[in-house]
Amino acid sequence: MEHHAFPDGLTREALLAWYRAVRARTREIFAIVKPDAFYERPIPLRNPVVFYEGHLPGFSVNTLVKQALGRKGVDAQLERLFARGIDPGSELDVRDPRDGWPEPDEVRSFADACDALVEEAITTGNLEDERSPLLRGGEVVFTILEHELMHQETLLYMLHNFPFEKKRRRKPPAPAFTSGSRRSGLVRIPPGTATLGAARGKAFGWDNEFPSARVSVAEFEIDVANVTNGDYLDYMAATGAPAPHFWIRDGNEWYWRGMFERSPLPVDAPVYVTCEEASAYAKWRDMRLPTEAEYQRAAYGTPSGEERIYPWGDSPPQESHGNFDFRSWDPVAAGSHPDGASAWGIDDLVGNGWEWTSTLFGPFDGFEVMASYPQYSRDFFDGAHFVMKGASPVTARELLRPSFRNWFRPNYPYVYATFRCVR
């Protein structure tokens, strides 16, 4: 079985260790929530916390144990209840958080039983079989693992929005803010080509990542650094634009809404905004947001024409390359990781915040629905979601591949997403 993050392959033992490590991190994230907030919705457009504690192990049982291996599950009613999350356009479409959710002990017993079945499946099940679309290339086991990695990040978006008093402080893996030597200005990228997507049959990816295509990209200029909180303050002063969601005003002072406390606004850290806010800022500068293809060329292209696996080269991700893989609860100063710069000298293209693009989320030519999660992408090819690229401080290192695509609605304010401008 091949995965981008494990070029030497994965044994059953390594897969089991990976699954256990992922589940352990998830439990640490849920431990942030105080018990009296278990049935609350920190974000009005999402389910309450209780749903996610059942959804993650339930999805793994539904997908690997039952669907792929044809084995029995734990509890059919709970498996249906926790089957899928929501992405509504209105709060009116969200289920009442007090409506029929199980007790905490029942949810955790369900989760433990699911974990036992999944571990048994990884240990004894047929995980790779070219005759089965679900098992081809080990698709289904990578699906459940990456599904949980992505949910760890979205859980933290949600918990970030809880009032501080509803959370138990956890020490972050790294300091929240560091000093950097932010560079400014624009870099000219000459005309060339960029690879969108990935080739089928080489390693795991989600269906929206396939197939690959080389596309022509015209010459453009792009910001060396992400737009910072300080830059956005200047924009607000000039235009009267409202403040982003992650800011708090107290009198005449602005503060950062951190995971566990507020702190003075870090003017040198990237600003987290909606796609609509990013587009308005770019227009104010007589610029625009990059397309997905322009991001790919800026991040992975080189002056000589080859493409890299990562912006910094082909070596695996290290701490010096960027703020990702749960090293911090918050962004750090722009330019704090010069070792992660791209071949063009552009900073922070992976890490410190997802990057909004102007590209609507949609299929590549030749798109095929994946067997293990057929609704994963196709339900969002609706003209209402925009592609984001890169990574945030809490994006797992296993997701740091050039073809990985994230997407959100353009007015969604909770995601750890920043931007840079092009022309």
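Contact, as I use it in these entries, means heavy atoms within 4.5 Å. Helices (H or I, at least four residues) and strands (E, at least two) are DSSP runs, numbered from the N terminus.

**Entry 1: ground rules**

I am working with a predicted model, where local features need pLDDT of at least 70, side-chain atom pairs count only at pLDDT 80 or more, and totals for chains, interfaces and linings use all residues. Residues are numbered from 1 along each chain as its sequence is written, and side-chain values use heavy atoms, with hydrogens and water left out.

**Entry 2: helix 2 against helix 5**

I looked up which residues meet between these two helices. From helix 2 I noted Val49, Tyr52, His55, Leu56, Phe59, Ser60, Thr63, Leu64 and Ala68; across from them in helix 5 are Val140, Thr143, Ile144, His147, Glu148, His151, Leu155, Met158 and Leu159.

Next I checked the geometry. Axes are lines fitted to C-alpha atoms, for helices over the stretch in contact, and angles run from 0 to 180 degrees between N-to-C directions. The axes of helix 2 (residues 49-68) and helix 5 come within 10 Å and cross at roughly 170°. Helix 2 and helix 5 are therefore roughly antiparallel to each other (under 35 degrees counts as roughly parallel, over 145 as roughly antiparallel, 65 to 115 as roughly perpendicular, the rest as oblique).

**Entry 3: the nonpolar cores**

A nonpolar core here is a set of buried Ala, Val, Leu, Ile, Met, Phe, Trp, Tyr and Cys residues joined through side-chain atoms within 4.5 Å. Buried means under 20% relative accessible area, exposed over 50%, and partly exposed in between (1.4 Å probe, protein chains only).

I found 95 residues in the largest core, with Leu15, Ile122, Leu156, Trp356 and Phe419 having the most contacts inside it. Helix 5 (residues 139-160) gives the largest share of this core, 12 residues. Another core lies apart from it and has 24 residues, including Val187, Val217, Ala299 and Phe364.

What does isoleucine 122 touch, leaving aside its neighbours within four places in sequence? I listed Arg12, Leu15, Leu16, Tyr19, Leu64, Leu127 and Val141.

Two strands pair if DSSP finds at least two bridges between them. I traced an open sheet of three strands in the order 5-6-7, with antiparallel pairing. Strand 5 (247-250) and strand 7 (262-264) are its edges, each pairing on one side only. From one strand to the next, the twist averages 40°.

Strand 5 and strand 6 (residues 253-257) are joined over four bridges, and tryptophan 247 stands opposite tryptophan 256 in strand 6. Helix 6 (residues 229-239) packs on this sheet, touching strand 5 and strand 6, at about 60° to the direction of strand 5. The hairpin of strand 5 and strand 6 has two residues between the strands, and there I noted glycine 251 with a positive phi near 65°.

Strand 9 and strand 10 run antiparallel over three bridges, and phenylalanine 386 has phenylalanine 408 as its bridge partner in strand 10.

How many residues of helix 8 (residues 292-300) are buried? I counted nine of nine. Their cover includes strand 1 (186-189), strand 2 (192-196), strand 3 (213-217), strand 4 (220-223), strand 8 (353-360) and strand 9 (386-391).

Lysine 171 sits in the loop between helix 5 and strand 1. Is lysine 171 buried or exposed? At a relative accessible area of 77%, lysine 171 is exposed. Its C-alpha atom is separated by 9.0 Å from that of tryptophan 329, 158 residues apart along the chain.

I noted a cis peptide bond from phenylalanine 210 to proline 211, with omega near -10°; proline 211 is in the loop between strand 2 and strand 3.

Aspartate 325 has a positive phi of about 60° although it is not a glycine. Aspartate 325 is buried, at 19% relative accessible area. Asparagine 352 also has a positive phi, near 75°, and counts as buried at 0% relative accessibility. I placed aspartate 325 in the loop between helix 8 and strand 8, and asparagine 352 is in the loop between helix 8 and strand 8 too.
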